[in-house]
Amino acid sequence: MKSVVPEIDSIGELFPYDHSHRWTSDNFGPLWIPAKGVSMPLTPANYALYERAIRVYEGNKLEMKEGTIFLNDKPVTSYTFTMNYYFMMGDNRHDSEDSRFWGFVPEDHVVGQAWLIWMSLDKGVRWNRLFRRIH
């Protein structure tokens, strides 16, 4: 008799690389994706999720000391995003490294867009969709 052994992701290899979010590549989230002009509370519980976007992409100094979050050396309880962000999912879900691994993608990092359906499968090839333009 054969058995099925689940493949479990190692904690810490998926975004946000901490041990409090026990997500897997198949069971990921819930996750709010930052949007330009939207304010959100900053808490120790969500700090790991949004820290990189605020610090690296939006150019702020962000740190947490003894449970208090500091933005540019001032204590804060909320943050307003200056850019839109995207959660990118690979087309080969189980063999793609995508936003589940590297996090949010800021709008100024998106360099292209889909314009053609190369392959379409749903219980077989959907021939009527192949090589059609995406409008």
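I looked up the ring cluster first. In this predicted model, ring pairs join Phe15, Tyr17, Trp32, Tyr50, Tyr57, Tyr79, Phe81, Tyr85 and Phe104 into a cluster. I noted 12 aromatic pairs in the structure.

The ring centres of Trp32 and Phe81 are 6.0 Å apart and the planes stand at 50°, so I logged the pair as tilted. Trp32 sits in the segment before β1 (39-41), while Phe81 sits in the loop between β5 (78-80) and β6 (85-86), so this pair ties together parts 49 residues apart in sequence.

Phe81 has a relative accessible area of 2% and is buried.

Next I looked up the largest nonpolar core, which has 17 residues. Among those with the most contacts inside it are Phe81, Tyr50, Tyr79 and Tyr85, along with Leu42, Ile54 and Leu62. The elements giving two or more residues to this core are α1 (47-57) and β3 (68-71). The most comes from α1, with 5 residues.

I listed the contacts of Ile54, leaving out neighbours within four places in sequence. Ile54 touches Leu42, Gly59, Asn60, Leu62, Leu71, Tyr79 and Phe81.

Last, I turned to the surface. A nonpolar patch there is formed by Trp118, Met119, Leu121, Val125, Trp127 and Phe131, with about 750 Å² of accessible area together. I placed Met119 in the segment after β7 (105-106). Met119 is at 40% relative accessibility, so I recorded it as partly exposed.

Conventions:
Residues are numbered from 1 along each chain as its sequence is written. This is a predicted model: local features need pLDDT of at least 70, side-chain atom pairs count only at pLDDT 80 or more; totals for chains, interfaces and linings use all residues. Side-chain values use heavy atoms; hydrogens and water are left out. A nonpolar core is a set of buried Ala, Val, Leu, Ile, Met, Phe, Trp, Tyr and Cys residues joined through side-chain atoms within 4.5 Å. Buried means under 20% relative accessible area, exposed over 50%, partly exposed in between (1.4 Å probe, protein chains only). Helices (H or I, at least four residues) and strands (E, at least two) are DSSP runs, numbered from the N terminus. Contact means heavy atoms within 4.5 Å. Patches are made of residues with over 30% relative accessible area and no salt bridge: like charges are joined within 9 Å, nonpolar side chains (Val, Leu, Ile, Met, Phe, Trp, Tyr) within 5 Å. Accessible areas come from the Shrake-Rupley method with a 1.4 Å probe; for residues, only the protein chains shown count as cover. A salt bridge is a side-chain nitrogen of Lys or Arg within 4 Å of a carboxyl oxygen of Asp or Glu. Rings of Phe, Tyr and Trp (its six-membered ring) pair if their centres lie within 6.5 Å; planes under 30 degrees apart count as stacked, over 60 as edge-to-face and the rest as tilted.
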